[in-house]
Amino acid sequence: MAQQQHLYLVDGSSYIFRAYHRLPPLTNPEGTPVGAVYGYTTMLWKLAEDLDKAEGPTHLAVILDKDSQSFRNDIYDGYKANRPQPPEDLVPQFPLIRDATRAFSLPCIEMQGYEADDLIATYARAAQARGWNVTIVSSDKDLMQLVGEQNGPNGLARIDMLDTMKNQRIFLDEVEEKFGVGPELVGDVLALMGDSVDNVPGIYGIGPKTASKLIAEHGSLTAALDAAHEMKSSKLRDRLIEGRKDAELSKILVTLKEDCELPEPLDDFKLDGVPPEP
């Protein structure tokens, strides 16, 4: 039987910001800031080396945000509106980081109008449909909607996550422990609780525990909102009724797009192994 393919999708945007904040400011001889570039390439090399020694990928790509705007801004102009602009000394490092990624002979994928999460979701589902296993290198809670298994051409095809900060794998059990529901309902929980970082409104006053409890009890966001009128009089009941439109909008914003046009085919992500050090 042929080896089962294993695709790793690296959330490159999170790597960039982690690298920027972990290192002191550095510049090259021309005075261009390069601290984030150095940190990013060090992290990427360590990831590649660690994976090569372990049960490594057969395919790998780095996925980046093209810019700060996506189709979600057309739906809700407040989306991510409270996020600060990237630090001034980080901006000139973005093209250098893209060049550095390609210098590793790794695909560097981005698409105007879509977030990295949407491309990761699309590639993950496309690979899973082909019977590949997929590991998403990220700790982003939104991406936990993708974790799970389904039957593929050669048996079960799994999507999991790797949090390199904690050196932890995230499978179904970890998602359920965090959210109290399976991955298929994570978006419903996120829609109720909102996200202050991305300026996703959610419903005011409903936090993670209450959101998880409501979705676990009712089985979906719609069912929880529909049940509000039958609840005993309380602040929670009022909030669910009054905040319905915000919750429904939030569900649209947190739902990953899984059918983007693929900028590059999956087969182009094939790895030939880590080259030896000179």
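Leaving aside its neighbours within four places in sequence, which residues is Leu192 in contact with? They are Gly202, Ile203, Ile206, Ala211, Leu214, Ile215, Leu221, Leu240 and Ala247, where contact means heavy atoms within 4.5 Å.

Welcome to a predicted model, in which local features need pLDDT of at least 70, side-chain atom pairs count only at pLDDT 80 or more, and totals for chains, interfaces and linings use all residues. Residues are numbered from 1 along each chain as its sequence is written, and side-chain values use heavy atoms, leaving out hydrogens and water.

Buried means under 20% relative accessible area, exposed over 50%, and partly exposed in between (1.4 Å probe, protein chains only). Helices are DSSP runs of H or I with at least four residues, strands runs of E with at least two, numbered from the N terminus. Just after α8, Gly219 has a positive phi of about 95°.

Now for the aromatic rings. Rings of Phe, Tyr and Trp (its six-membered ring) pair if their centres lie within 6.5 Å; planes under 30 degrees apart are stacked, over 60 edge-to-face, and the rest tilted.

| Pair | Centre to centre | Angle between planes | Type |
|---|---|---|---|
| Tyr15 and Tyr40 | 6.5 Å | 80° | edge-to-face |
| Phe71 and Tyr114 | 5.7 Å | 55° | tilted |

Tyr15 is buried, at 2% relative accessible area, and Tyr40 is buried too, at 0%. Phe71 counts as partly exposed at 23%, as does Tyr114 at 24%.
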